Amino acid sequence: MRVSAAVDAYVRHVADVRRLSPATVRAYRSDLSDLAETLGDPQMGEVELEHLREWLWAATQRGNSRATLSRRTASTRGFFAWACEAGIVPLDPSLRLVAPKKGRSLPKVAAADALSHVLDDTAAAAASGDAIALRDHAILELLYAAALRVSELCGLAIDDLEPERRTVRVLGKGAKERVVPYGLPAAQALDAYLVRGRPALAARGAQPGAFLFLGARGGPLGPRTVHRLVSRTLGPAMGSESVGPHALRHSAATHLLDGGADLRTVQEMLGHASLGTTQIYTHVSSERLLATYKLAHPRAER
């Protein structure tokens, strides 16, 4: 069962069986529908604790209040507890989920040189011609180059690419469409994948459809596969096993600002509705500047 279908069943349960107030039911539906959309509506059994944590962290970036974050945490824990009792999932991934404290920490960002080494390594693996290696290299390059959300990446169709202009058409949150540029390394990785990788993967499935990225069996690629890929490849470089695709989005935004991009341009590229959401990356850049200053300036600590 997919998350969206389970959400519908759970909302009926809290309304008809638990008889919660209409306002509470609406809040639960809003919270859990956003969760399903953000994760790309995977199967219930594919949802892990790290996915839920990244979803809550995204809410902190949007400026949600502590009360809203607490409600979202409670909605999610109630939802998965019900799903576990109903036998929809074997284990409850929300048991250790707690509401993040706003402002407690800044997004995890990979150093530009470390990320370059990771992409060089995946490029070397892709040079073997293996279909999965070609796909994985193209995924990582595009996630970083275009600062995409994992749900946006998994939802891409081949026709969303405009190779001549090196842009990709993205359907973001709230069904808002935007066009995002990508660079030469991503273009080269995508070309190699489309010529040698995707046809081999499509041949493994009966109906691969128009999706740009395919799974090992030829079907549409799921968010969980992307999470595992990023964790396996980028995690060691960042010193954490819990690194997800959003780390590449965080890194892209921070590196753009470090390189001189203006905040409005980064906001448009990320698809943020509010400039305040994008401003968190200016704090990341400031923190990096301060850390460098303290290490490099001879009078920094005097």
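Okay, ground rules before the tour. This is a predicted model, where local features need pLDDT of at least 70 and side-chain atom pairs count only at pLDDT 80 or more, while totals for chains, interfaces and linings use all residues. Residues are numbered from 1 along each chain as its sequence is written, and side-chain values use heavy atoms, with hydrogens and water left out. Helices (H or I, at least four residues) and strands (E, at least two) are DSSP runs, numbered from the N terminus.

Let's start with helix α2, residues 22-39, and helix α3, residues 49-61. They pack at an angle of about 110 degrees, and their axes are 11 Å apart. Axes here are lines fitted to C-alpha atoms, for helices over the stretch in contact, and angles run from 0 to 180 degrees between N-to-C directions. So α2 and α3 are roughly perpendicular; the cut-offs are 65 to 115 degrees for that, under 35 for roughly parallel, over 145 for roughly antiparallel, and oblique for the rest.

Who makes the contact (heavy atoms within 4.5 Å)? From α2 we have D31, D34, L35, T38 and L39, and from α3 there are H51, L52 and W55. Those residues split into 4 nonpolar, 2 polar and 2 charged. In that count, Ala, Val, Leu, Ile, Met, Phe, Trp, Tyr, Cys and Pro are nonpolar, Asp, Glu, Lys and Arg are charged, and the others, Gly among them, are polar.

Now compare helix α5, residues 112-126, with helix α6, residues 131-146: the angle is about 155 degrees, with the axes 8 Å apart. That makes this pair roughly antiparallel. On the α5 side you'll find L115, L119, T122, A123, A125 and A126, meeting A133, L134, H137, L140, E141 and Y144 of α6. The tally for this contact is 9 nonpolar, 2 polar and 1 charged.

Next, rings. The whole structure has 6 aromatic pairs. Rings of Phe, Tyr and Trp (its six-membered ring) pair if their centres lie within 6.5 Å; planes under 30 degrees apart are stacked, over 60 edge-to-face, and the rest tilted. One of them, Y10 with W82, is tilted, at 5.3 Å centre to centre and 50 degrees between the planes. Y10 sits in helix α1 (3-16) and W82 in helix α4 (66-85), 72 residues apart, so to speak a link between distant parts of the chain.

Last stop, the sheet. It is open, with 3 strands in the order β1-β2-β3 and antiparallel pairing; strands pair if DSSP finds at least two bridges between them. The edge strands are β1 (161-162) and β3 (177-181), each pairing on one side only. Between β1 and β2 (167-171) there are 2 bridges, and E162 stands opposite T167.

Technical notes:
Contact means heavy atoms within 4.5 Å.
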